[in-house]
Amino acid sequence: MTDTDVAARLSALEERVARLEDELSIHRTIVRYGFAVDAGEADATAELFTTDCRFDVDGRTMEGSAAVRAMVLGDGHQRLLPDAAHCIGPAVVEVDPDGRHAVAVGYSRIYHRDDAGITLFRLGFNRWELERSPSGWRIDRRTTRMIGHEEAQGVLRSALVDANKGEAI
Amino acid sequence: MTDTDVAARLSALEERVARLEDELSIHRTIVRYGFAVDAGEADATAELFTTDCRFDVDGRTMEGSAAVRAMVLGDGHQRLLPDAAHCIGPAVVEVDPDGRHAVAVGYSRIYHRDDAGITLFRLGFNRWELERSPSGWRIDRRTTRMIGHEEAQGVLRSALVDANKGEAI
Amino acid sequence: MTDTDVAARLSALEERVARLEDELSIHRTIVRYGFAVDAGEADATAELFTTDCRFDVDGRTMEGSAAVRAMVLGDGHQRLLPDAAHCIGPAVVEVDPDGRHAVAVGYSRIYHRDDAGITLFRLGFNRWELERSPSGWRIDRRTTRMIGHEEAQGVLRSALVDANKGEAI
């Protein structure tokens, strides 16, 4: 092997390992959203998003991580605690080859407990667009649509690929 | 280090990284099945399987990806849309050392929404046997068994290992 | 590149790949717990734990893998079979840089089927502390708390990080 061969194989490996690390890191980021909101941690929730993020829940949109923080502290969310569980996934994560952007698509389920038992009261179809920041991956856009509408199906469809054409369907 | 040492370490790393990529790719494949059937995309569903696949649902078997495609377009499935969510996992994926075959074992849950709320109407125990194709991993065999029978328990048992013997129990 | 440069890059890659393998291996270990208990395999369940493990369920603690084995064989658990599904996750896994210890945090859901349908009767918030053994990762401590109490929220909180300080909140 020439020195050039060795350098090329090392660089290729470093790229591939970085993309694997990214993929697992992004799974952790979107799952941690559930931990943060279920624990009522507004700051930790906001830190998962970019400052100028857009979080669209069935057409009602939070603009900026300050709005996400306010949502966690708001009556609507606080009323659910400590009886809520936001379970994210399964999800498919795809990282851009440059390692700076990524998209995740998948399901989310919100459970609520009361004396009668545990109810699954929201099942959402989600698309997350993430950006790498100096302190890790952050959510720049999240779009979530309640199950039961064509638009929700479109969210899932965006993660399918036409294998014959190698492009999104 | 000799040139031989370097080449051996590079090759070993390339193998290990390829197996990690395979494991994550297979998780994406089995999760995308849910996206495809929930979006009603018959072609995208069929493309996740090998042409001569076998998909066995409680003993009723679809033979070939054309039969899987027909299932998505059939009345039984279409009646569920757009109110169905097929959530795959958690699953354990094991890739053969040669990187050509893999087995995944895990749970699947099918939810249906109507005006009364969201119902989990099927919980399955699954075994997927996958093959590498030029365009990625494809499902060659899927066996799913509804919870509540010994045979279903056997599906999960097939992913357990006798740590003392290093072989399946 | 000098020989030293090549050796350093190889070593760094080998470390990173080992940590990725660890993270995926640990996901498989905690998910296999579900397979083992749902299949009623007491030995396979016990083998997922260290000999002197501590498994704390809402304050009732099993001490040692022999106690975990006895739990699987006990009336309380056997009564659920073959109608139980223990679905682990989503979870966040973090491996110590030395590759000898790891922590996983996440949700668990126990479903039970009967003629009336499928009920989610337990939703837990969990922390697993794992150790590497010669035969793979084992669970040394598991703490699970039923949803609906501040202590349960604390389990999830332990996996959140103050991004400004780089330390746990």
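A salt bridge is defined here as a side-chain nitrogen of Lys or Arg within 4 Å of a carboxyl oxygen of Asp or Glu. The model is predicted, with local features needing pLDDT of at least 70 and side-chain atom pairs pLDDT 80 or more, while totals for chains, interfaces and linings use all residues. Residues are numbered from 1 along each chain as its sequence is written, chains are lettered from A in the order in which they are written, and side-chain values use heavy atoms, without hydrogens and water.

**View 1. Salt bridges between chain C and chain B.** Five salt bridges cross this interface under the rule. One of them pairs B:R9 with C:E14, whose closest N and O atoms lie 2.9 Å apart.

**View 2. The contact of chain C with chain B.** Chain C contributes 37 residues and chain B 39 residues (contact: heavy atoms within 4.5 Å). About 3200 Å² is buried between the two chains, 66% of it from carbon and sulfur atoms; buried area is the accessible area (1.4 Å probe) that two parts lose on being put together, summed over both. C:R32, C:F35 and C:I118 supply 20% of what chain C buries against chain B, more than any other three residues.

**View 3. The buried side of helix 3 of chain C.** Within helix 3 (residues 65-73; a DSSP run of H or I, at least four residues), C:S65, C:V68 and C:V72 are buried, meaning under 20% relative accessible area (1.4 Å probe, protein chains only). They lie on the same side of the helix because they cover an arc of only 55 degrees around the axis, taken from the directions from the helix axis to the C-beta atoms.

Terms used. Buried means under 20% relative accessible area, exposed over 50%, partly exposed in between (1.4 Å probe, protein chains only). Helices (H or I, at least four residues) and strands (E, at least two) are DSSP runs, numbered from the N terminus.
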